[in-house]
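Let's take a friendly walk through this model, with the sequence and coordinates open beside the text.

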Amino acid sequence: MARDERIAELEEKARRIRAHVVRIAGMSDCHTGGSLSIADMLAGLYFHTLRVDPGLPGWEGRDYFILSKGHCVPALDAALAMRGFFPEDALTTHLQLDSIISGHACARVTPGIDVSTGSLGHGLSIGVGLALGVRMDGAANRVFVMIGDGELQEGSNWEAAMAGAHHKLEGLVAIVDRNMYQTGPTEEMMALEPLADKWRAFGWATRVIDGHDMAQIVETLDALPFEKGRPSAIVSRTEKGHGVSMSIHQHMNRFDEAQTATMLAELGQGGGEGGRN
Amino acid sequence: MAKWFGDVLVELARQDPRICGVSCDCWGFLGALAAAFPERAVEIGIAEQNLIGVAAGLAARGKTPFAIGMNPFVTMRCFEQIRTDVGYGCRNVKVVGGYGGGIGYAGWGCTHHAMEEMALMRLVPTMTVVMPADAYETEMATRAAATTEGPFYISLSGATMAFMPPEARRTFHVGKAVTLREGSDVTIVAVGPTLPDAMTAAEILTRKGVSARVLNMHTVKPADREAILAAARQTRLIVTIEEHTVIGGLGGAVGEVLAEAGAGTPLKRLGLQDVFACMVGRYEDVRERFGISANAVVEAVMRQA
Ligand SMILES: Cc1ncc(C[n+]2csc(CCOP(=O)(O)OP(=O)(O)O)c2C)c(N)n1
């Protein structure tokens, strides 16, 4: 019972993240598809799993989260705001002069972001370095890196994957947002399958889950690390644009006022500011 | 840009069977080629290093590949492949930056600023570096790349469609700057997206009684020595303006020519002054704050006057 409530609560967080993404797309161009596909995982991470302190973003004991697919920062910004790193109102200033809400993840302007990303294929190597540093300190911080499936075509990811396993970085977690699209269909442009087998072959303890099933997300995150002495990989099977009909398989959207309202209504998040909690 | 470039590429491909295209998630540029010659258009995925290595391999087999990616990534991520497999290998590869020239991405973040594309590409021995200003120059640069043996970089910035005045369109020669406006007091040298700033500044300066020449330095390498030295002799100040770090790009190229010739004419380089243009805001906001605007040119000139 308590667990079901918890899941329902996290699902509601995910809906709110999606609503924020839709509102941002109502203000400016927005990488909607890949932001919406990670909303559930981000809700699970920021409201269930990650040890972070919004009052002290630089807290040494924090778990690190790197959004390697940095173009999907609208969803991350929403999660950070909802978690209390900055007011949710700030999200309405996306791309405005001197806003803290950037078009790609920017550690210099946005509280709670540790690593600036946007150029694909950087996050996992930095994650390996962070995890090695944590181990040198004898500390227990965990490092989560969210990677796009298209992004995995960059060879740097596989260099990092090799290093993560070689150095037995048990605290390192790669989450692949397997939404099957980049700017076009991934398997047609440069196929990745068999993807889970690739991670296994590189020495990662790997699980494939439904990235829109909150119960599975929670159960998976609770099971980390999956194996002793190995980094963990989660292939999170998702739908690009999930939950917002006009964003399905879309890389970017810009909604007008009417479209924004319709998409918010789809999410059951219509009406003004979408409520605050 | 994608369409103009794509259409010219197909035409060139009809004339020359060696021409082919490789894309790294920039398929929009190769759609037309793929429709006409499916086997001569290759998608490589989001993998710039592989893109250039594969292009070098195609060139090693006698092909003339156009390798297309986004400006910041297709120059930075695979710089060593460009330098070694294309430059050192003397391979006939045409690298094309299709999206995101200069600081076109502005408030979307510094990861997407191609603020060193010209500098990096200039560093590669034998590489020709061109930044077309509009559709006409895009077409001409693409033709030139196809017919010139050797490494070539074309930066399609996309920022200044249909900009050039018609009379200036009649000539385009690699390595020859285009005089967009005659002037006798100062010379403003611009490239790609900063040409409109240069033209606007020249107009404002005229009203202030300063006669400004405007040079479109579409070929940053080899830089037009003759045009630069003529400007040095005939005008009292040279201002360069670029959406790029002032180190090693347009300002750097002009400065090298001036210094080596002992010209002595003062040079003011506008562009990113060894900083990241890190801020959120619109394109115009970012340019204004980092001194890449018509106003900045006018100020630089008036300060020297
Ligand atoms: C190094 C690099 N090359 C190209 C791009 C341009 N780009 C931005 S997003 C994108 C597609 C990413 O696909 P994927 O990783 O699957 O992300 P998602 O579909 O989840 O948005 C591309 C090619 C980039 N940001 N960085």
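Predicted model: local features only at pLDDT ≥ 70, side-chain atom pairs only at ≥ 80, totals over all residues.

## Chain B as a whole

Chain B holds 12 helices and 12 strands. Its radius of gyration is 19 Å, close to the 19 Å that the globule rule gives for 305 residues, so chain B is as compact as a globular protein of that length. Along the principal axes, the C-alpha atoms of chain B fill a box of roughly 60 × 40 × 35 Å.

Of the 305 residues in chain B, 60% count as buried. Contacts between residues at least 6 apart in the sequence of chain B include 75% that join residues at least 24 apart.

## Two domains in chain B

Chain B splits into domain 1 (2-155) and domain 2 (166-304). Taken over C-alpha atoms, the centres of domain 1 and domain 2 of chain B are separated by 25 Å. Across the boundary, 26 residues of domain 1 of chain B are in contact with 31 residues of domain 2 of chain B.

On the side of domain 1 of chain B that touches domain 2 of chain B, helix 6 (117-123), strand 5 (128-130) and helix 7 (135-147) of chain B each supply at least two residues. Helix 7 of chain B gives the largest share of that side, 4 residues. By class, this side of domain 1 of chain B has 15 nonpolar, 8 polar and 3 charged residues.

## Helix 8 of chain B

Helix 8 (residues 195-207) of chain B has 13 residues and reaches 19 Å from its first C-alpha to its last, close to the 18 Å expected at 1.5 Å a residue. Buried in helix 8 of chain B are Leu195(B), Asp197(B), Ala198(B), Met199(B), Ala201(B), Ala202(B) and Leu205(B). An α-helix has 3.6 residues a turn, so residues three or four places apart point the same way.

What do the buried residues of helix 8 of chain B pack against? Their partners are strand 7 (178-181), strand 8 (186-190), strand 9 (212-216), strand 11 (237-245) and helix 12 (294-304) of chain B. Just after helix 8 of chain B, Gly209(B) takes a positive phi of about 85 degrees.

## The ligand and the chain interface

The ligand lies between chains A and B. Of the 26 residues around the ligand, those that come nearest are Gly34(A), Gly148(A), Gly150(A), Glu151(A) and Gln182(A). Helix 2 (residues 32-37) of chain A contributes the largest share of the shell, 3 residues. The shell divides into 6 nonpolar, 13 polar and 7 charged residues.

Between the chains, 28 residues of chain A are in contact with 20 residues of chain B. The side of chain A that touches chain B has 8 nonpolar, 16 polar and 4 charged residues.

## Backbone details worth a look

Where are the cis peptide bonds to inspect? One joins Glu193(A) and Pro194(A), with omega about 0 degrees, and Pro194(A) is found in the loop between helix 7 (186-189) and helix 8 (195-201) of chain A. The peptide bond from Lys221(B) to Pro222(B) is also cis, with omega near 0 degrees; Pro222(B) lies in the loop between strand 10 (219-221) and helix 9 (225-234) of chain B.

Lys168(A), a residue other than glycine, has a positive phi near 50 degrees and is partly exposed, with 14 other C-beta atoms within 10 Å. Cys90(B) is not a glycine either, yet has a positive phi of about 50 degrees. Cys90(B) sits in the loop between helix 5 (79-88) and strand 4 (94-99) of chain B and is exposed, with 12 other C-beta atoms within 10 Å.

Terms used
Residues numbered from 1 in each chain as written. Chains lettered and ligands numbered in written order. Rg over C-alpha atoms; globule rule 2.2 N^0.38 Å. Buried ≥ 20, exposed ≤ 12 C-beta atoms within 10 Å, placed from the backbone. Contact = placed C-beta atoms within 7 Å. Near = placed C-beta within 6 Å. Nonpolar A, V, L, I, M, F, W, Y, C, P; charged D, E, K, R; others polar. Domains from an automatic or database assignment. Expected span 1.5 Å × (residues − 1).
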